[in-house]
Amino acid sequence: MIESFSLALESAFSYIIGLGAPVMMPILFTILGICIGIKPGKAVKSGLLVGVGFIGLSIITALLTSALGPALNKMVEIYDLQLKVFDMGWPAAASIAYNTSVGAFVIPVCLGVNLLMLITKTTKTVNIDLWNYWHFAFIGALAYYTTDSIFWGFFAAVICYIITLIVADWMAPRFQKFYENMEGISVPQPFTTGFAPIALVLNKALDLIPGINKINIDAEGLKKKFGLLGEPLFLGVIVGAGIGILAQYELPKVLMLGVQMGAVMELIPRITSLFIEGLKPIAEATKEMIGKKFKKSAGLYIGMSPALVLGHPATLVVSLLLIPVVLLLSVVLPGNEFLPLASLAGIFYYFPLILPITKGNVFKTFLIGLIILIGGVYLVTNLAPYFTLAAQDVYARTQDAAVRIPDGFSEAAALDFASSPLAWGIYHLTASIKIIGPIVLGLGTLALMIWNRMRIVKQSKQESNI
C-alpha cells in the first residue's frame with residue numbers, strides 16, 4: 001500500500017517537474033503568495049515574473065551551451081581528449097532527483113524540518129526557494145540507490161537541508177551587507193552554501209601571503225583601470241573569440257562566438273532583475289507573516305534563490321574567465337575523467353556567497369574559484385558511478401531523454417550538485433562508511449544546530465536590550 005502510494009506520488013511529481021521550472025515556479029509562487037495574504041492579481045504577477053526570469057535564464061544558459069558546445073566538442077576532437085564521464089548538466093540532475101521516492105516527498109519533509117528548526121530556534125531562515133529543493137532530493141537519491149534504503153536516502157537529504165539552513169544563517173549578514181536591496185534575505189541553496197566555509201579558509205590563507213594580500217581588484221576598478229577591456233560585455237567577447245580560435249573556427253564563426261558570449265554577460269544582470277521584481281512582494285509578505293508567528297525570533301531571514309544576485313559584475317567576470325581555464329585543466333589534470341560542457345552555466349552559482357567573503361575582490365575570487373573547481377572535477381569523477389546508477393534507473397522507468405547516457409560514454413555526472421564538497425561528504429558518510437559515518441554526520445549536524453541556536457538566542461537577547 002505504502003509502495004503504491006509512493007509510486008503514485010513519484011508519477012505525479014514526474015509530471016509536475018516535467019512542466020519545467022518556468023511553469024512549476026509560477027504555480028508554486030502564486031499559490032504561496034495567495035496563502036500568505038497577497039492579493040491574487042499581485043500573486044499571479046509575481047509568480048509569472050519568476051517564471052519569465054527562469055525562461056530568460058534558460059535561454060541564456062542554452063545560448064551559452066549551444067554556442068560553446070560545438071566549439072568545445074571540436075577542441076575535444078582536434079586535441080584528442082579522452083574523458084569518459086558525460087556531462088548531463090543540472091536539468092538532468094534535477095530530473096533524477098525528483099523522479100525518486102526521496103524526491104516525491106522531499107518538499108513536505110524539508111518544510112516540516114524547517115518549521116521544527118524555527119520553533120526550536122536552530123535556524124532563522126524560512127526557505128521558500130522551493131525549486132532548489134531538488135539538490136536535497138539529489139543527494140538523497142544517490143544514497144537511496146547505493147544503499148537500497150529509503151531511510152538512508154531521507155537521512156542524507158535532511159542532513160543536507162539542516163546544514164544548508166545553518167550556513168545560510170551564518171552567511172546572511174555578510175550577504176545582506178555586500179549586495180544591495182537584500183535586507184532580510186539569505187541563500188539556502190546547498191550548492192552555493194557548500195563553498196562558503198571553504199572560501200572563508202582560502203580567503204584567510206590568501207591574506208597571509210605577502211604580495212597577494214595587497215592585490216585588490218573589484219569589478220568597478222577593473223572597468224576604470226582597463227576601460228572597455230574591463231567591461232564584462234567585452235571580456236565575454238574576448239573569451240568567446242579565444243575559444244573559437246582554439247577550436248580552429250573560421251573568422252566569421254570566431255566573431256559570432258565572441259558576440260554570443262558577450263551577450264550572455266550583458267543579459268544575465270538584466271534577467272536577474274526580473275527575479276528580484278517577482279520575488280520581492282512574496283519575500284516581504286512572507287517575512288511579515290512569519291514575523292507575527294515567531295515574534296520572539298531575532299529577525300527571520302527569507303531564503304531565496306542565488307539567481308537574485310547572479311548579475312553581479314564580479315560573478316560574471318570571474319565565471320567567464322574560469323570557463324576556458326577549467327576546460328584546459330580538466331584535460332590535463334591526472335585522474336580526472338570529467339569535461340564540463342552542459343554544466344558550464346552552473347559556474348555562475350559558485351560565487352554568490354564567495355563574493356561577500358572576498359568583498360568583491362576579482363583576483364581573490366578567481367583564485368578561490370579555481371581551487372574549488374579543480375577539486376570539483378575530481379569530486380564529480382568520484383561520484384560519477386553513483387550518479388550513473390541513478391540516471392540509468394530513472395531512464396529505464398521514465399524514458400526521459402534528458403537522463404540518457406549517449407553512446408561512447410560509460411558514465412555521467414554534472415557539475416551542479418556533484419562538485420560540491422557538501423554533497424560528496426554527506427553521500428560518503430551516509431552510504432560508503434557504514435554505521436560510523438552516519439553517527440559522525442548526525443552528531444556533527446546536531447552540534448551545528450546547538451551552536452546555531454546559541455547564536456540566535458544571543459542575538460535575540462542583544463536586540464531586545466537595544
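The legends below describe close-up views of a predicted model.

View 1. Valine 440 has its place in helix α18, which runs over residues 436-464. Because its relative accessible area is 47%, valine 440 is partly exposed, and that value passes the cut-off of over 30% that a patch residue needs.

**View 2. Helix α11 and the residue glutamine 248 just after it.** Within α11, the buried residues include Pro232, Leu235, Gly236 and Val239. Glutamine 248, in the loop between α11 and α12 (251-293), has a positive phi of about 60° although it is not a glycine. With a relative accessible area of 55%, glutamine 248 is exposed.

**View 3. Aspartate 148 in a loop between two helices.** This loop lies between α6 (134-147) and α7 (150-178), and in it aspartate 148 takes a positive phi of about 60°, although aspartate 148 is not a glycine. At 66% relative accessibility, aspartate 148 counts as exposed.

**View 4. The salt bridge between glutamate 337 and lysine 84.** A search of the whole structure finds 2 salt bridges, and in this one the side chains meet at 3.6 Å, N to O. Glutamate 337 lies in the loop between α13 (313-332) and α14 (355-358), while lysine 84 lies in the loop between α3 (40-78) and β1 (85-87), so the pair ties together parts that are 253 residues apart in sequence. Glutamate 337 counts as partly exposed at 26% relative accessibility, and lysine 84 counts as partly exposed at 37%.

**View 5. The salt bridge between aspartate 207 and lysine 364.** The closest N and O atoms of this pair are 2.8 Å apart. The pair links distant parts of the chain, 157 residues apart, with aspartate 207 in helix α9 (residues 196-207) and lysine 364 in helix α15 (residues 362-398). Aspartate 207 is partly exposed, with a relative accessible area of 35%, whereas lysine 364 is buried, with a relative accessible area of 8%.

**View 6. The cis peptide bond between aspartate 416 and phenylalanine 417.** The omega angle of this bond is about 20°, and phenylalanine 417 is found in helix α16 (residues 415-418).

Methods:
Residues are numbered from 1 along each chain as its sequence is written. This is a predicted model: local features need pLDDT of at least 70, side-chain atom pairs count only at pLDDT 80 or more; totals for chains, interfaces and linings use all residues. Side-chain values use heavy atoms; hydrogens and water are left out. Helices (H or I, at least four residues) and strands (E, at least two) are DSSP runs, numbered from the N terminus. Buried means under 20% relative accessible area, exposed over 50%, partly exposed in between (1.4 Å probe, protein chains only). A salt bridge is a side-chain nitrogen of Lys or Arg within 4 Å of a carboxyl oxygen of Asp or Glu.
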